[in-house]
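Dear colleague,

Please find the structure below, followed by notes on what was found in it.

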Amino acid sequence: MKVEDIRTVGVLGAGSMGAGIAQVAAQAGFQVKVVDVGDAVWARARKTIAGSMERMVKKEKITADQMKEALDRIGFSTDVGTMKGVPFLFEAVFEDVDVKKELFGKLDAVCGDDAIYATNTSSISITEMASMVKRPARFVGMHFFNPVPMMALVEVIPAMQTEKATTDLALAMAAKLGKTAITCKDTPGFVLNRLLIPYMIDAVRLLEAGVASAEDIDKAMKLGAGMPMGPFELMDFTGVEISYLVGEMFYKYTKEPRFAAPGLLRNMVKAGYLGRKTGRGFYDYSEKK
Ligand SMILES: NC(=O)c1ccc[n+]([C@@H]2O[C@H](COP(=O)([O-])OP(=O)(O)OC[C@H]3O[C@@H](n4cnc5c(N)ncnc54)[C@H](O)[C@@H]3O)[C@@H](O)[C@H]2O)c1
């Protein structure tokens, strides 16, 4: 199968990542079939997609007609059965191995022998996931970044069982979606998170040790290292719990102390100081501020 032969793609999960993947796939000309658990989720996802496209129209990156056509190419259902005959499926459901396993069981019952499954998991082993499906040779990791329409990178991660044709197709698919792909081995964190998570955790260690304030650490990395956001701004933006949970997951697999969460990070998660979305993280986003 070549990417030029693919007309329709499936997207499982319409959360932050699934909605973004559905959007870039529709904009690349694919018919997109989305499945999630409820219509309310889809109403929210569709609003997100339309809002993102509207901003692109305003910036004259796409026309209003292109926006309408792309939106019309996306269909939604709560029924996994709609994935019958779909040749390329992106999985972006909750980061929970049992949820993913159950979903792949359902997909195996309806999808054809040639169907490719591309998981967007950030922290579960691709090889472990491939072992859950009927045709592990057609299973691959395609790790997108949030927000998907904005972020140019995709990490393509073959499982131990993945055949070369599947990896090649994933690379061609990434290019078709307008992304730049890198390939990497199936190891915790792949490339980006393997570097980024310890960086953020180390920033928390500096703060905890009283070396400098969050503001000054952020300033140092922005003004001295040219980072667009400092580590604390970044954690508040992505969700403080992500660094904690992903770090702990990597620590569980590798036992490398650089992934282990410092007490301050753990306590912030326990206190619900998760960043922008809760109004407080390393910075205060409450209205009075
Ligand atoms: N958020 C990020 O920054 C980010 C970045 C890269 C990769 N990822 C990965 O992408 C995946 C999704 O993450 P997210 O942030 O979009 O999560 P999310 O919580 O925003 O969305 C997950 C969606 O999956 C749906 N879902 C759950 N069970 C389902 C099922 N059985 N069938 C269909 N839909 C189901 C939920 O209703 C929800 O809408 C995870 O594997 C995560 O590790 C996330």
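**Ligand site and other features**

A backbone N or O atom of Ser 122 lies 3.3 Å from an oxygen atom of the ligand. The model is a predicted one, so please read the distances below as computed from it. Taken alone, the ligand exposes 840 Å², and the protein buries 79% of that.

The side chain of Asn 120 places an N or O atom 3.0 Å from an oxygen atom of the ligand.

The shell around the ligand holds 21 residues, and the closest of them are Met 17, Asp 36, Glu 95, Lys 100 and Asn 120. By class, the shell has 10 nonpolar, eight polar and three charged residues. Two helices, α1 (16-27) and α4 (97-110), each supply at least two residues of this shell.

**Second largest pocket**

The second largest pocket has a volume of about 170 Å³. Its lining consists of Leu 195, Leu 196, Tyr 199, Met 227, Pro 228, Met 229, Gly 230, Pro 231 and Leu 234. What is the make-up of this lining by class? Eight of the residues are nonpolar and one is polar, with no charged residues. Helices α7 (192-208) and α9 (231-238) each contribute at least two lining residues. The largest share, three residues, is that of α7.

**Aromatic pairs**

How many aromatic pairs does the model contain? The count comes to eight. One of the pairs is formed by Tyr 117 and Phe 139: the ring centres are 6.5 Å apart and the planes stand at 90°, so the pair is edge-to-face. Tyr 117 belongs to strand β5 (residues 116-119) and Phe 139 to strand β6 (residues 139-143), so this pair ties together parts that are 22 residues apart in sequence.

**Backbone points**

Two places in loops deserve a look when you go through the backbone. The peptide bond joining Asn 146 and Pro 147 is cis, with omega about -5°. Pro 147 is in the loop between β6 and β7 (153-158). Glu 60 has a phi near 60°, which is a positive value in a residue other than glycine. The loop that holds Glu 60 runs between α2 (39-58) and α3 (64-72).

Regards

Technical notes:
Residues numbered from 1 in each chain as written. Predicted model: local features only at pLDDT ≥ 70, side-chain atom pairs only at ≥ 80, totals over all residues. Heavy atoms only, no water. 1 Å grid on protein atoms, 1.4 Å probe; cavity = no way out; pocket = protein on both sides within 12 Å on 5 of 7 lines; lining within 4 Å. Points joined across faces, edges and corners; volume = space filled by probe spheres on them. Helix = DSSP H or I, 4+ residues; strand = E, 2+ residues; numbered from the N terminus. Nonpolar A, V, L, I, M, F, W, Y, C, P; charged D, E, K, R; others polar. Near = heavy atom within 4 Å. Polar contact = N/O pair within 3.5 Å; in protein donor to acceptor, adjacent residues only side chain to side chain. Areas by Shrake-Rupley, 256 points an atom, 1.4 Å probe, with all protein chains shown as cover. Phe/Tyr/Trp six-rings, centres within 6.5 Å; stacked < 30°, edge-to-face > 60°.
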